[in-house]
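Hi,

Here is the structure I promised to pass on.

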Amino acid sequence: MSASRTPASPGTRNEAKIAASESLEDYTLRFAPRSYRTWAPSVVATSALGGIAYLADFSIGANIGIAHGTTNGILGILVAALIIFVTGWPLAFYAARYNLDLDLITRGAGFGYYGSVITNIIFATFTFIFFALEGSIMAQGLYLGLGVPRPIGYLVSTVLIFPLVIYGMKVLSKLQVSTTPLWLLLMVIPVGYLIAWQPDSISDFFAYTGEAGEGANFASVMLAAGVCLSLIAQIAEQIDYLRFMPPRTPENRRSWWAAVILAGPGWVIFGATKQIIGMFLAVYLIANVPGAVDFANEPVQQFLVTYQQMMPQWLALLLAVVLVVISQMKINVTNAYSGSLAWTNSYTRITKHYPGRITFLIVNLLIALALMELNMFDFLNAILSFYANLAMSWICVVAADIAINKYLLKLSPKAPEFRRGMLYDWNPVGIVSLLLAGGISIAIYFGAFGAAVQPFSPLFAVGIAIVSTPLMAIITKGRFYLRREDDGIDLPMYDEHGNPSGETLRCHVTELDFERPDMIASAQTGENGERLYLSSLALSTDRLGEHVLPAEKPRDRDNDRSAHGRLAERATDRGTGRATD
């Protein structure tokens, strides 16, 4: 460790203090501490699942059903759901177990400290695309119910979200939990009515062949799956809630696992169900309303027509608008919240300046509003199909690094690392794999390898990511994961149950207490030669790098355990806990 005794520069100290004070509510850029995670697993799961209330699923299901028919549409939905569930599982587990968002996980899962900025931008793009999509659906409802011109509706749907997202997880959890029962009731009743009172709608649904007028076709199935797979990045939004899961203990083990599975990869079960319902309602409209093919993909129309079969026109219209508004609010607070986190993380890491999450909340909302005004809803399938290739490449690379490189090959540190100085800035394992999977699958999507393979670009994104990620780890021998093995703190990282420790240390830059997993030793010492510690948040704003510990000499790693595993074992030898599954 350096013998320097120079205090932190005023700029670094002030920047870190501002960042710390502004991020106490949502823990932007940070590990979510145990002291904040006081919700029961069921509350966290309900809050996370509230974020999947979006009506875009109904539009997606309707669009692929109209284009490819019911059989191909359902098969495509199921293929996509299976891929999303399998790839989302390791990510959700790591988020809940180690209390990290997906950006922090990605850093140590093959991308490096700066490398994950690339994936952060991919995710931020997801948030404003889907914010714009949901805002467009709300504007459709306001126009139909209140006669509000759509450009004004776009603005209303954007401005309405801003005050709800300022305060972070505490307000969002209350909003999601309180609105979920009404949302479920409004969504389920019309579908149940059609099944019970108009059984012919079921036979019409399964007989529908779409615009193509064909039966089961593998290429059509994959085209349908490609649209659905654009939603694979939704796991990042689920993780923004799952990182607040309480510690897993023998007493809450069952409820903990149930919450992680249901609200993590299990979100896709609800998503796939909504897509099939959207397809079902669209086919019902086409079969019973002349000219409905022009608006059957609009959720507000789907529910309005169904409600009209059950109740007076005024009440049907009111309930349809209420459903649209509630759904839009539930999902777009999550889109806006997660997007602002992603932009803030990226900007702060690159510039070492923390602008405040609200700054990028405004940026995200303005981009989404511009997309709405440009009428992106009419190009939904094309946008989502293209985006799916990038999103799948990223998610599958991270999932492969966790499942294969960490657990099977043991070339990647099993315990996640996210702190500056502990990681290399760039790790070729994730970056090269992302470029290969994303680049080749996008080229296939645009027809560079012929029309015969064009529909299968999503499968290529998945396959290339899963193969290239362990291959790159083998080629590099896992040398680019950890810059250091020792963080300079002689305290356990984990408790007796393998949860991140709740012990605290004082950050000498912000002068606040932070929990052990969020802390690292400084390269500087105090006035009397004492060891100084600082939080990962303070370190991220250190423009001069004066606190960053020097790199350690590379050491040979055996195949049985990672460097982080040895560090955890040393902690265990001192009578402390270690990271476990």
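Which residues form one aromatic cluster? They are Trp-89, Phe-93, Tyr-94, Tyr-98, Trp-256, Trp-257 and Tyr-494.

Before the rest, some housekeeping. This is a predicted model, so to speak of local features I needed pLDDT of at least 70, and side-chain atom pairs count only at pLDDT 80 or more, while totals for chains, interfaces and linings use all residues. Residues are numbered from 1 along each chain as its sequence is written, and side-chain values use heavy atoms, with hydrogens and water left out.

On to the aromatics. Searching the whole structure gives 27 aromatic pairs (rings of Phe, Tyr and Trp, the last by its six-membered ring, with centres within 6.5 Å; planes under 30 degrees apart are stacked, over 60 edge-to-face and the rest tilted). One of them joins Tyr-36 and Trp-39, edge-to-face at 5.3 Å centre to centre with 75° between the planes. Tyr-36 is buried at 8% relative accessibility, and Trp-39 is buried at 15% (buried is under 20% relative accessible area, exposed over 50%, partly exposed in between, with a 1.4 Å probe and protein chains only). Trp-256 and Trp-257 also pair edge-to-face, at 5.2 Å centre to centre and 85° between the planes. Here Trp-256 is buried at 0%, whereas Trp-257 is partly exposed at 21%.

Trp-256 has a charge over its face as well: Arg-248 lies there, 5.3 Å from the ring centre (NZ of Lys or CZ of Arg within 6 Å of the centre and within 35 degrees of the ring normal). The charged end of Arg-349 likewise sits over the ring of Tyr-113, 5.7 Å from its centre.

Next, helix α3, residues 56-68 (helices are DSSP runs of H or I, at least four residues, and strands are runs of E, at least two, numbered from the N terminus). Just after α3, Gly-69 takes a positive phi of about 90°.

At 30% relative accessibility, Ile-166 counts as partly exposed.

Cheers

Methods:
Expected span 1.5 Å × (residues − 1).
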